[in-house]
Amino acid sequence: MTIKKRTAATCARVQPVRHKRIVALVSDEEDRLIENYLKKYKITNKSNWMRETLLAFIYKNLDEDYPTLFNEHDMRR
């Protein structure tokens with residue numbers, strides 16, 4: 001029986017296990033737009049690109065989208 005030696009490089013590549021599926025319907029025009037984008041930038045993993053794009057948008061807006069006591073219009077008065 002052979003025991004594989006784990007190095008820091010192999011441990012760093014461990015991906016989280018994903019069990020949840022998200023499904024979105026798009027129109028023919030939206031599908032063509034997405035496919036053209038993926039082809040233009042030579043993106044081969046659509047699932048990974050979609051996940052990274054969605055999460056990047058959420059993380060970017062997370063700091064700006066915090067709960068406040070009043071809405072922006074009331075605070076500007």
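Mentor: Helices (H or I, at least four residues) and strands (E, at least two) are DSSP runs, numbered from the N terminus. By that rule the protein reads α-α-α-α along the sequence, with 4 helices and 0 strands. The model is predicted, so local features need pLDDT of at least 70 and side-chain atom pairs 80 or more, while totals for chains, interfaces and linings use all residues. Residues are numbered from 1 along each chain as its sequence is written, and side-chain values use heavy atoms, leaving out hydrogens and water.

Trainee: What makes Y37 and Y41 an aromatic pair, and why is the pair called tilted?
Mentor: Rings of Phe, Tyr and Trp (its six-membered ring) pair if their centres lie within 6.5 Å; planes under 30 degrees apart count as stacked, over 60 as edge-to-face and the rest as tilted. Y37 and Y41 lie 4.7 Å centre to centre with 50° between the planes, so they are a tilted pair.

Trainee: Why is Y37 called partly exposed?
Mentor: Buried means under 20% relative accessible area, exposed over 50%, and partly exposed in between (1.4 Å probe, protein chains only). Y37 has 38%, so it is partly exposed. Y41, with 45%, is partly exposed too.

Trainee: Which parts does the pair of Y37 and W49 tie together?
Mentor: That pair is tilted, at 5.5 Å centre to centre and 35° between the planes. Y37 lies in helix α2 (residues 28-40) and W49 in helix α3 (residues 46-62), so the pair ties together parts 12 residues apart in sequence. Ring pairs link Y37, Y41 and W49 into a cluster.
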